[in-house]
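Good morning, and thank you for coming. I would like to take you through one structure, element by element, with the sequence and the coordinates on the screen.

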Amino acid sequence: MGKPLPWQEVQWKPLIQRLQSGLLSHALLLKGVPGIGKGLFAKALAARVLCNEDGFYACGHCKSCELVKAGTHPDFLEVEPESTGKPIKIDQIRQVNEFARKTAQQGGRRVIVINPAEAMNINAANALLKSLEEPGGDTLFILSSARSGDMLPTIRSRCQMVTFPVPERTLSIAWLSDHIADSLIVEQLLDLASGSPMTARFMFDNDTLAIRGRLVNAMPELFRGNLTPVEMAKDWHAGNITELLSWMGSWLDDAVKLKLAADESSIRNRDLIRMLDYLAKKVESSELLVLRDKIMRQRQQLLEGANLNCQMLLEGVFSDYLELLV
C-alpha cells in the first residue's frame, strides 16, 4: 500500500512534490497499457494523500493508514465495475458525486479512485463531469485507464495526465526474479506479456505456460487433420477464452514480422519460431493480418462483456486457422 512499484518512481516523485507544495491537481488520469501497476499506484497515492504523517510515502501505521488498509477509511472511495467486463454505471457515479460534496470526516482530503475509468458508460461519464468541473474542497480524483482514448474528451481534458510506459526490461526482470527463480521462465513470460511485469507475474501464478503449451501441442494435430475444429473448441471453450485469443492473434502477428524479416527480439513467441516460420512461408501477410484483426475484435467484444457463444466462436477461429493452410 505504502510505496509504488520500482519502475513508478519517475511518476511518483513529481506528484508528491506537487502534493507537498499544495499544487497537486484535483484530478489525475493514470494512463498506460495493462499489467504495469497503475491500480496499485493509485491506491499508494491515495494512501499517501490521506496519511497523517509528513513523508514521501504513506507511513502505514497512523490511524488513517490503518483505516485505508482495512478498507474502512470514510474519506476514501474506490469505484470499479461490479464484475469483470461490466460497465461502471451511473448509479455508482451518483454515489461518487454525493461523496465528493461531503466534508472530509478526518479533517483532510477526500480521495476517489475510479479504475478502469474507460469502463464508465456514457451516462456515468457525463454524470462525473459536474464533479470534475466543480470539485468540492480538498477532493482528489484518481482515474486509471488502459484505454484512455475510449474516454470522453471532456473527461480527459479536466485531468492531469500521468503516463506509464512499459517498464525497462531490467527493472521488470529484477522484480519478477524475486518471485520466480528460473530466469528463462522470467524472460519467456515477459515476452508473452509484451513487457508488462504484473501480467507476467499473473501468468506465472496461474500456470499459463503449461496451459499455452497444451494449445501449442494441439495445433499440429489440427493442421494434420487428427483433430477437428469442433473437437478443439470442445477442449478449450471452458477456459480463459480472451487469453487463448490473445495467444492466437499474437502468433499471426509474429508470422507477419517474420515475413518482413523483423529482428527476432521483436517476436513475442520466440519459443515457437518453427511454427511461426511455417505460417509465414505458407500464407500471405494480408491473410494473416485479416485473421489477426478478426480474432482481436472478438477478444475485445468478450472483454466488453458481449454474450458470445464461446464454443461457436472457437470453432470459427480454429477453422479459420486451418483454412489458412489449405
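I begin with helix H3, whose buried residues are covered by, among others, helix H2. Please bear in mind throughout that this is a predicted model. The buried residues of H3 are Ser64, Cys65, Leu67 and Val68. Around the axis they cover an arc of only 160°, so they sit on the same side of H3. Lys63 and Ala70, on the other side of H3, are exposed. Just after this helix comes glycine 71, with a positive phi of about 75°.

Between helix H2, residues 38-50, and helix H3, residues 63-70, the loop contains asparagine 52. How does asparagine 52 count in terms of accessibility? With a relative accessibility of 48%, asparagine 52 counts as partly exposed, because the exposed class requires over 50%. Leaving aside neighbours within four places in sequence, the contacts of asparagine 52 are Cys62, Lys63 and Ser64. From asparagine 52 to valine 68 the separation is 16 residues in sequence and 12 Å in space, C-alpha to C-alpha.

These residues fall within an annotated region. UniProt, in an unreviewed entry, lists residues 24-168 as "domain: AAA+ ATPase".

Next, a strand. Leucine 77 belongs to strand E2, residues 76-79. At 21% relative accessibility, leucine 77 counts as partly exposed, because buried means under 20%. Which residues does leucine 77 touch, not counting residues up to four places away in sequence? They are Gln95, Val96, Phe99, Val111, Ile112 and Val113. For isoleucine 112, the C-alpha lies 4.8 Å from that of leucine 77, although the two residues are 35 apart in sequence.

A contrasting loop position is serine 196. Serine 196 is found between helix H8, residues 183-192, and helix H9, residues 197-205. With a relative accessible area of 4%, serine 196 is buried. Beyond neighbours within four places in sequence, serine 196 is in contact with Val33, Pro34, Gly35, Ile36, Val166 and Leu190.

I turn now to a pocket. The second largest pocket has a volume of about 280 Å³. Which helices each supply at least two residues of its lining? They are helix H10, residues 208-224, and helix H13, residues 273-282. The lining consists of Val216, Pro220, Phe223, Arg224, Asp271, Leu272, Ile273, Arg274, Met275 and Tyr278.

Finally, helix H14. H14 runs over residues 285-303, 19 residues in all, and spans 27 Å from its first C-alpha to its last, close to the 27 Å expected at 1.5 Å a residue. Its buried residues are Leu288, Leu291, Arg292, Ile295, Gln298 and Leu302. Viewed down the axis of H14, these residues fall within an arc of 130°, and therefore line one face of the helix. The cover over them includes helix H12, residues 241-259, and helix H15, residues 310-324. On the other side of H14, Val290 and Arg297 are exposed. After H14 comes glycine 305, with a positive phi near 90°.

Definitions and conventions. Residues numbered from 1 in each chain as written. Predicted model: local features only at pLDDT ≥ 70, side-chain atom pairs only at ≥ 80, totals over all residues. Heavy atoms only, no water. Helix = DSSP H or I, 4+ residues; strand = E, 2+ residues; numbered from the N terminus. Expected span 1.5 Å × (residues − 1). Buried < 20%, exposed > 50% of the residue type's maximum accessible area, 1.4 Å probe, protein only. Arc of directions from axis to C-beta. Contact = heavy atoms within 4.5 Å. UniProt positions renumbered as here; feature names shortened; annotations may be inferred. 1 Å grid on protein atoms, 1.4 Å probe; cavity = no way out; pocket = protein on both sides within 12 Å on 5 of 7 lines; lining within 4 Å. Points joined across faces, edges and corners; volume = space filled by probe spheres on them.
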